[in-house]
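Thanks for coming. I will go through one model today, starting with a few loop residues and then moving to the core, a pocket and the confidence values.

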Amino acid sequence: MRRYYCVQMMILCLMLTGCGSAQQETEVQTVQSKYRNMLGCVMEAEVTGGVGEEDPVAFTLRCMYDPAGESVVEVLAPETVAGIRAVVSSDTLMVVYEELCLPAGTVSRESISPAACLPWLMDALRDGWLMEESAEEVDGTPCLRLCLDETDDGARMEATVWIREESDTPVRGEIAVDGEKILTAEFTSFQFYDTITRSADEPAAETAA
């Protein structure tokens, strides 16, 4: 009798595990489809470059992301560089300051600048090769963690993004080159373009805090 009971419990555990995996797989497909089909988004985040170095640099950035064209990134802080904008396409970076446009060369996947961090994370969610997924909490917020490979030529590029389960919006992002983390992003607000037309009495954006 005891052996029969144990067998039943093992079967039940296997069934529950299978259901959980299928549900998580469906969630991943839903999230990736949402980002692949989006018209664009507006987001703000605290982006830190030089992670792991003695003097990492942090910026508060606002990004208007256009998956079909150029994305505009504006520096909000620190005050010494506030107002500088960068126009980012798939392979170029243009710095704009007081109507003066200066080409900043190509966006090297081996040395992604903080200005290109947010557009690159969105590109990874849309086009990256999914390597891992898991359910995790970020500061008490239930999230779906996606690890995506964006390697083209040269160094191995990986993006890890934590997506809030409740709204499918990003909470945190990391970019790594050859296994070494170089950039992090802590999202403070995020909104898909197709939800910006909501009525004025509704929240203006999904907050990431």
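Asp168 is buried, at a relative accessible area of 16%; buried means under 20%, exposed over 50%, and partly exposed in between, with a 1.4 Å probe and protein chains only. Before I go on, this is a predicted model, where local features need pLDDT of at least 70, side-chain atom pairs count only at pLDDT 80 or more, and totals for chains, interfaces and linings use all residues. Residues are numbered from 1 along each chain as its sequence is written, and side-chain values use heavy atoms, with hydrogens and water left out.

Back to Asp168. It sits in the loop between S9 and S10, and its phi is near 60°, a positive value in a residue other than glycine. Helices here are DSSP runs of H or I with at least four residues, strands are runs of E with at least two, and both are numbered from the N terminus.

Thr169 is in the loop between strand S9 (157–164) and strand S10 (170–177). Is Thr169 buried or exposed? Thr169 counts as buried because its relative accessible area is 1%.

Asp139 lies in the loop between strand S7 (129–138) and S8, and it counts as exposed, at 73% relative accessibility.

One more loop, between S3 and S4, holds Pro78. The peptide bond joining Ala77 and Pro78 is cis, with omega about 5°.

**Overall layout and core**

The protein has 2 helices and 12 strands, in the order α-β-β-β-β-β-β-α-β-β-β-β-β-β along the sequence. Of its 209 residues, 36% are buried.

The largest nonpolar core has 41 residues, and Tyr35, Met43, Leu118, Leu121, Met122 and Ile175 have the most contacts inside it. Helix H2 (residues 114–127) gives the most to this core, with 8 residues. By nonpolar core I mean a set of buried Ala, Val, Leu, Ile, Met, Phe, Trp, Tyr and Cys residues joined through side-chain atoms within 4.5 Å.

What does Leu118 touch, leaving aside its neighbours within four places in sequence? Leu118 is in contact with Met43, Ala45, Val47, Leu61, Cys63, Ala185 and Phe187, where contact means heavy atoms within 4.5 Å.

**The second largest pocket**

The second largest pocket is lined by 13 residues, with Phe59, Val75, Ile84, Ala86 and Ala115 nearest its centre. A pocket, on a 1 Å grid over the protein atoms alone, is an open set of points where a 1.4 Å probe fits, with protein on both sides within 12 Å along at least five of seven lines; lining residues have an atom within 4 Å of a point. Strand S2 (57–65), strand S3 (71–77), strand S4 (85–88), strand S5 (92–97) and H2 each supply at least two lining residues.

**Confidence**

Mean pLDDT, the predictor's confidence in each residue from 0 to 100, is 80 for the protein, and 74% of residues reach 70 or more. Strand S8 (residues 141–149) is highest, at a mean of 97, and strand S6 (residues 100–106) lowest, at 44. Over residues 1–20 pLDDT stays under 50, and the model has 0 contacts there beyond four places in sequence. Where pLDDT is low, the predicted coordinates should not be read in detail.
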